[in-house]
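Here is a short briefing to read beside the model. Please keep the sequence and the 3D view open as you go.

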Amino acid sequence: MDELKIKTKLMRGILSKIIESSIKKKTGYKIKIRLNDVDVSINDNVAYVHLDANGEISVDEFKKILRINGLED
């Protein structure tokens, strides 16, 4: 079993920006992501990813997500 742990602030920051960019491209939502911890284990050609993350989004964007998914009253 192989393991990868990303602990440095620099690498977590880079990964956060990549995730933010991917979310923006795929959904159009602008969400700020802060990764606190990233662990990846590879076992039998399957990668298991554990993330500890925080996200920040504007109220307008959040309401838009709720409305699009039919969750707003």
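This is a predicted model: local features need pLDDT of at least 70, side-chain atom pairs count only at pLDDT 80 or more; totals for chains, interfaces and linings use all residues.

Residues are numbered from 1 along each chain as its sequence is written, and side-chain values use heavy atoms, with hydrogens and water left out.

**Overall fold**

- The chain holds 2 helices and 3 strands; these are DSSP runs numbered from the N terminus, with helices being H or I of at least four residues and strands E of at least two.
- Read from the N terminus, the order of elements is β-α-β-β-α.
- The chain is more spread out than a compact globule, because its radius of gyration is 15 Å, well over the 11 Å that the globule rule gives for 73 residues. That radius is taken over C-alpha atoms, and the rule is 2.2 Å times the number of residues to the power 0.38.
- Along the principal axes, the C-alpha atoms fill a box of roughly 45 × 30 × 20 Å.
- Of the contacts (heavy atoms within 4.5 Å) with a separation of 6 or more, 39% join residues 24 or more positions apart.

**Burial and core**

- Buried residues make up 21% of the 73 residues; buried means under 20% relative accessible area, exposed over 50% and partly exposed in between, using a 1.4 Å probe and protein chains only.
- The largest nonpolar core is made of 8 residues: Ile6, Tyr29, Ile31, Ile33, Leu35, Val38, Val40 and Ile65. S2 gives this core its largest share, 4 residues.
- Such a core is a set of buried Ala, Val, Leu, Ile, Met, Phe, Trp, Tyr and Cys residues joined through side-chain atoms within 4.5 Å.
- Val40, one of the core residues, touches Asp2, Glu3, Leu4, Ala47, Tyr48 and Val49, when residues up to four places away in sequence are not counted.

**Largest pocket**

- The largest pocket holds about 250 Å³ of space. On a 1 Å grid over the protein atoms alone, a pocket is an open set of points where a 1.4 Å probe fits, with protein on both sides within 12 Å along at least five of seven lines; lining residues have an atom within 4 Å of a point. The volume is the space filled by probe spheres set on the points, which are joined across faces, edges and corners.
- The lining has 14 residues, and Ser16, Lys32, Ile33, Arg34 and Leu35 lie nearest the centre of the pocket.
- Helix H1 (9-27), strand S2 (32-43) and strand S3 (46-56) each supply at least two lining residues, and H1 has the largest share with 6 residues.
- By class, the lining has 2 nonpolar, 5 polar and 7 charged residues. Here Ala, Val, Leu, Ile, Met, Phe, Trp, Tyr, Cys and Pro count as nonpolar, Asp, Glu, Lys and Arg as charged, and the others, Gly among them, as polar.

**Residues to look at**

- Asp44 sits in the loop between S2 and S3, has a positive phi near 55° without being a glycine, and is exposed at 69% relative accessible area.
- Asn45 is found in the loop between S2 and S3; its phi is positive at about 60° although it is not a glycine, and Asn45 counts as exposed at 83% relative accessibility.
- Ala53 belongs to strand S3 and is partly exposed, with a relative accessible area of 40%.
- Leaving aside neighbours within four places in sequence, Ala53 is in contact with Arg34, Leu35 and Asn36.
- Ala53 and Asp37 are 16 residues apart in sequence and 7.0 Å apart in space, C-alpha to C-alpha.
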